[in-house]
Amino acid sequence: MIELVKVSYRYPGYRQPAIHDIDLRLGAGEVVGLVGPNDAGKSTLGLVAAGLAPASIGGELAGDVRIDGASVIGRRPHDLASSVGIVFSNPAAHLSGVASTVFEEIAFGPVNLGCSAGESRTRAREAMELLGIAGLAEREPSRLSGGQAQLVAIASMVAMRQRHLVLDEPVAELDPEGRQLVSEALRSLARAGTGLLIAEHDTDLLDALCDRIVAIEDGRLAPAAASAQR
Amino acid sequence: MSAPWGRSTPEHAGGAAAHGRATPDTVCGPYHRLNPLTKATLAVAVTLASLALGGLLVPALLFGFVVVPGAIVARVVARMLRLAVVATLPVAIAVVLVQGLAGLGVEGAVAVSLRVFVMAAALALFGLTTPARELVADLERRGVSPRIAFAAASTIGALPALAAQAQVVRDAQRARGLDIEGSVMARIRGIVPLVGPMVAGTIHSIELRSLALEARAFGRPGRRDLLWAPSDAGWERALRWIAIALLLAIVAAKATGAVGRLP
C-alpha cells in the first residue's frame, strides 16, 4: 500500500509547493486514476509517490509518504525499487543505453537489485510474457515503435516485481495502436495484483481500468465529490 | 524453439549482441570482437605516443600501421575518417589562425593538426567498434563502479544522441522559418536559437533518464551478477601489456632526451 499523509512538496529553487496537503491511499492491487490539467501537479505527485522526490531531485517534503507501512523519508530510491516503480510518458527515457537487446534491457533492473543471473533471466522472461512482448526479446531497444518501447519500459519495472507502479501519462506520446497495446498491458498488470497509480489525460483509458479516479488541480486533490468512486 | 533467456551459457545470455549482432546495420568482425579494454588501450597508446613524440612521421606511421589496419578489419574506414575530420577541422582552423598570427609558420600547425587527427581517428575507431554495453560489462567485471562504467559508456553514446537532438531542433526551427542556410552570417545567427533548445532538451532528457535509472535500482551499492561479459583472451592481455610497455619506453626516451626532435 502507498499512503500519502498530508503531503506537500516544493521543488528546489521554488518558493511555492507544487502539491499541497495531499491525502491519498493506493491499496494493494488497487488501480487509481489521477486526472487534472497540465501543471496541476500530477507528475509531481507521481514522483513523490514513487519515492523519487525529494530523494533524487531534492526539494522539501512535508507530511509523510509510506510504502507498505514504512516511511520513505530518508530512504534512497534504490531501497524502494523493489516496492514501487515509475514509468514516464517518454519511453526513451527508460532505456538504460547499455542494453543491446530488449531482453537485457528488462533484466537490467533485477540485475541491479542483486538477483543472480539466473533469477534475472527468469524475471525478465516472466515480465515479457505477462505483457505479451516475448517476441521482442532480441530486438534492439532503441529501434522499437513508441508503443513497443512503452511496453518494454513497463516490463522493465514489472521484472523488478514491484507491488506498486506509478505511470505518468503512459500513453501520452503514443499513436492509437500504441495506446491499445499499453492499455491491454495495464489491464494484465491490474489482474496480476499490481497496484497502479495512473496520471493521465485519456479518461477513456482511466474509465476502462481504474477502481477510482481522483482529480488534482493547482496542486490540491479535488474534493471527494469531484472524484469518481467506481 | 528455445527462447533466448532459456539458454544458460554466457555466450547466449546476451542475445544478438553476444553473437556480434549489436545492431542490424553494424558490421562486425574480428576487431569488434576484441575486448573493450584492448581497443581502449590501443587508442590511448596511439594518442599518447603521437603527443609525446610529435612531428609528422610518428603520428603518420601510427595512423598508417595501427589505426587504419584496425579500421579496415572493422570495415569502418569511411565513418572513422569522417568523424576524425569533423573533430579535427575546428582545431586545425584555430591552430592555423593562431600560428599565423604568431608568425610561427605552417609546419607547426600541420604537425599539431595531424596529432589531433590521429588522436580523433584512434578514439573514433574505439567508439565505432565498442558497444556501450560491452564497455560497461567489462569495466564492471574488473571491479570498476557501475556508475563510473555507466558514465564512460554514456560518454561514448552521447555524441549520436546529441546529433539526433540537434537534428530535431534544427528541423523544428526551420519549420518556424529560421534561416540556417546560405551565408556565413545567416548560419552564425542560426546557432543561438538551435543551441538553447538543444541544451534544454538534453538536460531534461538526462534528468529524466537518471530518475528512471534510480527507479531501476541503479544506485544500489554492491556487486551485480552480470548476465554476460566480453571475452578476454590471453593474447589480448599480452598485447595490452606490450602496448603499455612501448608507450612507457617512448615517454621515458623522450623525457631523458634519448630521442631527439623527429621529422
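Among the elements of chain B, which has the lowest mean pLDDT and which the highest? Helix 1 (residues 10-13) of chain B has the lowest, at 36. Helix 4 (residues 57-74) of chain B has the highest, at 92. Here pLDDT is the predictor's confidence in each residue, from 0 to 100. Helices are DSSP runs of H or I with at least four residues, strands are DSSP runs of E with at least two, and both are numbered from the N terminus.

This is a predicted model, in which local features need pLDDT of at least 70, side-chain atom pairs count only at pLDDT 80 or more, and totals for chains, interfaces and linings use all residues. Residues are numbered from 1 along each chain as its sequence is written, while chains are lettered from A and ligands numbered from 1 in the order in which they are written.

Chain B averages a pLDDT of 78. In chain B, 78% of the residues score at least 70. Over residues 1-26 of chain B the pLDDT is below 50. Beyond near neighbours in sequence, this stretch has 48 contacts in the model. Two residues are in contact if their C-beta atoms, placed from the backbone, lie within 7 Å. Where pLDDT is low, the predicted coordinates should not be read in detail. For the complex, the predictor gives an ipTM of 0.88 and a pTM of 0.74.

Chain A holds 7 helices and 11 strands. Its radius of gyration is 17 Å, close to the 17 Å that the globule rule gives for 230 residues, so chain A is as compact as a globular protein of that length. The radius is taken over C-alpha atoms, and the rule is 2.2 Å times the number of residues to the power 0.38. Along its principal axes, the C-alpha trace of chain A spans about 45 × 35 × 30 Å. Of the 230 residues of chain A, 57% count as buried. A residue is buried if 20 or more other C-beta atoms lie within 10 Å of its own, exposed if 12 or fewer, and partly exposed in between, with C-beta atoms placed from the backbone. Among contacts in chain A between residues at least 6 apart in sequence, 67% join residues at least 24 apart.

Four strands of chain A form an open antiparallel sheet in the order 2-1-4-5. Two strands pair if DSSP finds at least two bridges between them. The edge strands are strand 2 (19-26) and strand 5 of chain A, and each pairs on one side only. Strand 1 (residues 2-10) and strand 4 (residues 60-67) of chain A run antiparallel and are joined by 7 bridges. Here Arg10(A) stands opposite Glu60(A). Strand 4 of chain A also pairs with strand 5 (residues 70-71) of chain A, in the antiparallel sense, over 2 bridges. Ile67(A) stands opposite Ala70(A), and Arg66(A) has Ser71(A) as its bridge partner. This hairpin has 2 residues between the strands, and Asp68(A) takes a positive phi near 50°.

Strand 8 (residues 195-199) of chain A has parallel partners. Strand 3 (residues 31-35) of chain A joins strand 8 through 4 bridges, with Val32(A) partnered by Leu197(A). Strand 7 (residues 164-168) of chain A joins strand 8 through 5 bridges, and Leu167(A) stands opposite Ile198(A). From strand 7 the chain crosses through helix 6 (residues 176-191) of chain A to strand 8, and this β-α-β crossover is right-handed. That term applies if, with the strands pointing away from the viewer, the path from the first strand over the helix to the second runs clockwise. In strand 8 of chain A, 5 of the 5 residues are buried, so the strand is largely enclosed by the rest of the structure. Gly195(A), Leu197(A) and Ala199(A) cover one side, and Leu196(A) and Ile198(A) the other.Helix 1 (residues 42-49) of chain A is mostly covered, with 8 of its 8 residues buried. Among them are Lys42(A), Leu45(A) and Val48(A). Gly51(A) follows this helix, with a positive phi near 80°.

The contact between the chains takes 41 residues from chain A and 36 residues from chain B. On the side of chain A that touches chain B, the largest share, 8 residues, comes from helix 3 of chain A.
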